[in-house]
Amino acid sequence: MTKIRKYLEEHREEMIDVLSELVSVRSVQNDADGEYPFGKEPARALKIMLEKCSEAGFNVENVENYVGSADFNELEPSLAILTHLDVVPEGTGWSSDPYILKRSEGRLIGRGTCDDKGPAVSSLFALKAVRELAKPLKRGVRLIFGTNEENGSADLAYYRTKRKLPPMVFTPDGEYPVINAEKGMIRVYFSADFNDFSITSGKIINAVPEKCTASYERHIMFWCDGKSSHASTPEKGDNAITKFLDEYSGTYKNPLLCGLALLFPHGETDGKSCGLGFSDDISGKMTCVLSMLNTENGRLKGGIDIRFPLDRTLKEISGIICGSLENIGFGIDSCEGTEPHVTDENSEFVQSLLRVYERVTGDKGHCIAIGGGTYVHEIDGGVAFGAEFPNEGGNMHGADEFVTEENLIRNAEIMAEAIIELCG
Ligand SMILES: [Zn+2]
């Protein structure tokens, strides 16, 4: 057992106490309230965390309740470890109070334990372990705690207008080994006049819809069941809207529905029929999901979620999808997104993280490309590093979210080793 591992084992109870205190705050985004840009509770979680860092002897800063930070030493930071203290609402299905940390068979259960309060606690204890046990660092390290990751990351956008981020940034808010590539993302909303009957389907743009119903004067005429999945992995779901269009548009010859049926054949998930269907070697096939189709006040309104390859641009993909929709008679209400994000796999930074991962876990390290966006999507040179281990999901955003005590400690160990490797 390394000295660092031993130190962390000895501080297990202390780590769990800090996590328990953070979990007890329901730090879900709320309306801005005076000096609290995301409501009082995310700011309260941040205050607790900064107090713990300050008690441990690190210099802390609270940037107007958007973001807080703790510095290892007086040097300009070369490395930042980025976590967040806001959480998504509890939802339903919990077997215990989501805001009272429950210890059960090696698991720590509660909202935020895995995403991302647990990793935030691990980062603090990693810093403490390095100070106790390692030679003085040659470079500076900063822990950064955000409060708005779950709702668009306005915290980081603001922080970046006030402070410069160091050249190396990793966020333990994804999975191991290293996520270095994230597809570009576009959300398109479109509509057209439609008074024939009612259609009801998905309400969430980034999920494959599981139900689609057509009704006339409150009598259901037709419905389709599918299977939901995240829009970045549509192959795991079964799109009820495209199934509906496929089965229904032939019988009922409305030009808008027939047009959509041609653009979105059931089972196709890469937008080929819309003129897309691109792929690249690193991130694979693109995805294009018709995720919403609903009638409202005499309009048929739709939504599309697109994740596009690393070598394409927002402008190019937006042009193609909007043109296809306009061709079949729809108007575009909005079309917004982000460019792809890639950090060089062969950079010293990424290679060092992979080495640390291999040394601590004994597993082979490699880079991963994903369709979703992580907390570092807008940060040049940033990567996600942990904190979920392959095949060990903690049910983030779901009921009974958890982190194991072992992984709370192991994450701290990996972060401490990464700090020494990169800044020692
Ligand atoms: Zn998160």
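This section describes the overall architecture, the nonpolar cores and selected local features of the structure. The model is predicted.

The chain contains ten helices and 25 strands. Its radius of gyration is 23 Å, close to the 22 Å that the globule rule gives for 424 residues, so the chain is as compact as a globular protein of that length. The C-alpha trace spans about 75 × 45 × 40 Å along its principal axes. Of the 424 residues, 46% count as buried. Among contacts between residues at least 6 apart in sequence, 73% join residues at least 24 apart.

The domain assignment divides the chain into domain 1, made of residues 3-182 and 342-423, and domain 2, made of residues 184-338. The C-alpha centres of domain 1 and domain 2 are 35 Å apart. Contact between the two domains involves eight residues of domain 1 and nine residues of domain 2. On the domain 1 side, the residues that touch domain 2 comprise four nonpolar and four polar residues, with no charged residues.

The largest nonpolar core has 73 residues, and those touching the most other members are Met 49, Ala 126, Leu 353, Val 383, Ala 412 and Ile 419. Helix α10 (residues 405-423) supplies the largest share of this core, with nine residues. A second, separate core of 35 residues includes Met 185, Phe 190, Ala 261 and Leu 263. In soluble globular proteins, nonpolar side chains tend to be buried together. Within the largest core, residues beyond four places away in sequence that Ala 412 touches are Leu 8, Ser 122, Phe 125, Ala 126 and Ala 129.

Leu 353, another of the residues with the most contacts to other core members, is placed in helix α9 (residues 348-361). With 27 other C-beta atoms within 10 Å, Leu 353 is buried. When neighbours within four places in sequence are left aside, Leu 353 is in contact with Phe 170, Val 178, Val 383, Phe 385 and Ala 418. The C-alpha atom of Leu 353 is separated by 8.2 Å from that of Pro 177, although these residues are 176 residues apart along the chain.

Met 49, also listed among the residues that touch the most other core members, is one of the buried residues of helix α3. This helix covers residues 40-55, and its 16 residues reach 22 Å from the first C-alpha to the last, close to the 22 Å expected at 1.5 Å a residue. The buried residues of α3 are Pro 42, Ala 43, Ala 45, Leu 46, Met 49, Leu 50, Lys 52 and Cys 53. An α-helix has 3.6 residues a turn, so residues three or four places apart point the same way. The buried residues of α3 pack against helices α2 (12-23) and α4 (117-133), and against strands β1 (59-63), β2 (67-71) and β6 (140-146). Just after α3, Gly 57 takes a positive phi of about 100°.

Asn 65 has a positive phi of about 65° and is located in the loop between β1 and β2. Because 23 C-beta neighbours lie inside 10 Å, Asn 65 counts as buried. Arg 218 likewise has a positive phi of about 65°, and its place is the loop between β13 (211-216) and β14 (219-225).

Two cis peptide bonds are described here. The bond from Asp 115 to Asp 116 is cis, with omega near 5°; Asp 116 belongs to the loop between β5 (107-109) and α4. A cis bond also joins Tyr 176 and Pro 177, with omega of about 0°. Pro 177 lies in the loop between β8 (174-175) and β9 (178-182).

A further loop residue, Ile 379, is situated between β22 (367-370) and β23 (382-384). Ile 379 is buried, with 20 other C-beta atoms within 10 Å. Apart from residues up to four places away in sequence, Ile 379 touches Leu 165 and Val 169. The C-alpha atoms of Ile 379 and Asn 254 are separated by 45 Å, and the two residues are 125 residues apart along the chain.

Definitions and conventions: Residues numbered from 1 in each chain as written. Predicted model: local features only at pLDDT ≥ 70, side-chain atom pairs only at ≥ 80, totals over all residues. Domains from an automatic or database assignment. Contact = placed C-beta atoms within 7 Å. Nonpolar A, V, L, I, M, F, W, Y, C, P; charged D, E, K, R; others polar. Helix = DSSP H or I, 4+ residues; strand = E, 2+ residues; numbered from the N terminus. Expected span 1.5 Å × (residues − 1). Buried ≥ 20, exposed ≤ 12 C-beta atoms within 10 Å, placed from the backbone. Core = buried A, V, L, I, M, F, W, Y, C linked by C-beta atoms within 7 Å. Rg over C-alpha atoms; globule rule 2.2 N^0.38 Å.
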